[in-house]
Amino acid sequence: MSEQAKVWTAALAVIGDEILSGRTQDRNVAQVATWLNEQGIRLAEVRIVPDDSGRIAETVNELRARHDYLFTTGGIGPTHDDITVDAIAAAFGVRVVVHPEARAVLEEYYRDRPGGLNEARLRMARVPEGAELIFNPSTAAPGVKIGNVYILAGVPNIAASMLQALAGRLAGGRPMVSVTVGARAAESEVAQLLRETEEAHPGVAIGSYPFFKDGGYGANFVIRSEDGNLARVTGEDLAERLRAAGYEPVEGGI
């Protein structure tokens, strides 16, 4: 299979008891999915994993074997319960070491800050042996890459900085293009129309997402394809079919 034809996939493991408890609302799934699509990679699976070394290692080994890439978010800070690095090192069967480049970066970052590079902050230089660093322009504490696993911070803006540093460095295919057609139509009324439109345009997938706005029901119909022109042509065709069936369009969807 050529690289162009291959569908590249990734999984995301969101790590942290605070996510599972509801105390913290995750914002990384959406931004990781969006970023991956820009790289031509599909986010195919998401797991939320507790702060349990065994569970993390088990999940990492399962997902890294199933997909081209695995991203993790959370658990790489300076406190005792930040155990992601240790768990992933165990998953790979390697020891944890202090990366000299990470240590140097943190020494410089904390040089004129109260407390300097103390023992807690030095934890952020620990990596599975053999790992590479992911540049972090936000707080200097780097992300980590080992094999096809990319270990990112859980704080969304820091994770975003790490993703930006990785932009263009991963092998991938073509980004998925989305076109949205909105209409004042109930899903159940236009199910057959959607099926016929999808069948008339091989290479697209149409998803339906209902809404309630301004006292009325409707749905957004999202056409997805790796071929941007095909997605746009299909969107125009669907809009025309909906108008012909008597449904009020909603400009640009909702």
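A: In this sheet, G182 has N220 of β11 as its bridge partner. The model is predicted: local features need pLDDT of at least 70, side-chain atom pairs count only at pLDDT 80 or more, and totals for chains, interfaces and linings use all residues. Residues are numbered from 1 along each chain as its sequence is written, and side-chain values use heavy atoms, with hydrogens and water left out.

Strands β9 (residues 177-183) and β11 (residues 216-225) run antiparallel and are joined by 7 bridges. Strands here are DSSP runs of E with at least two residues, helices are runs of H or I with at least four, and both are numbered from the N terminus. Two strands pair if DSSP finds at least two bridges between them. The open sheet has 4 strands in the order β10-β11-β9-β12, with antiparallel pairing. Its edges are β10 (205-213) and β12 (249-250); each has a single partner strand, so one side of each is left without a neighbour in the sheet.

Helix α8 (residues 187-200) lies across β10 and β11 and runs at about 155° to β10. Helix α9 (residues 228-244) also packs on the sheet, where it touches β9, β10 and β11, and its direction makes about 10° with that of β9. Contact means heavy atoms within 4.5 Å. Axes are lines fitted to C-alpha atoms, for helices over the stretch in contact, and angles run from 0 to 180 degrees between N-to-C directions.

Next, helix α7 (residues 156-166). Its buried residues are P156, I158, A159, S161, M162, L163 and L166; buried means under 20% relative accessible area, with a 1.4 Å probe and protein chains only. These residues pack against α2 (28-38), β3 (69-73), β6, β7 and β8 (149-152). After α7 comes G168, with a positive phi near 80°.

A140 sits in the loop between β6 (132-134) and β7 (143-146). Phi of A140 is also positive, near 75°, in a residue other than glycine. A140 is buried, with a relative accessible area of 11%.

Last, the cavity. There is 1 cavity of 30 Å³ or more, a cavity being a set of points on a 1 Å grid over the protein atoms alone where a 1.4 Å probe fits but cannot get out. The largest cavity has a volume of about 90 Å³, the space filled by probe spheres set on the points. Its lining, residues with an atom within 4 Å of a point, includes R123, M124, R126, P142 and V144.

Methods: On a 1 Å grid over the protein atoms alone, a cavity is a set of points where a 1.4 Å probe fits but cannot get out, and a pocket is an open set with protein on both sides within 12 Å along at least five of seven lines; lining residues have an atom within 4 Å of a point. Buried means under 20% relative accessible area, exposed over 50%, partly exposed in between (1.4 Å probe, protein chains only).
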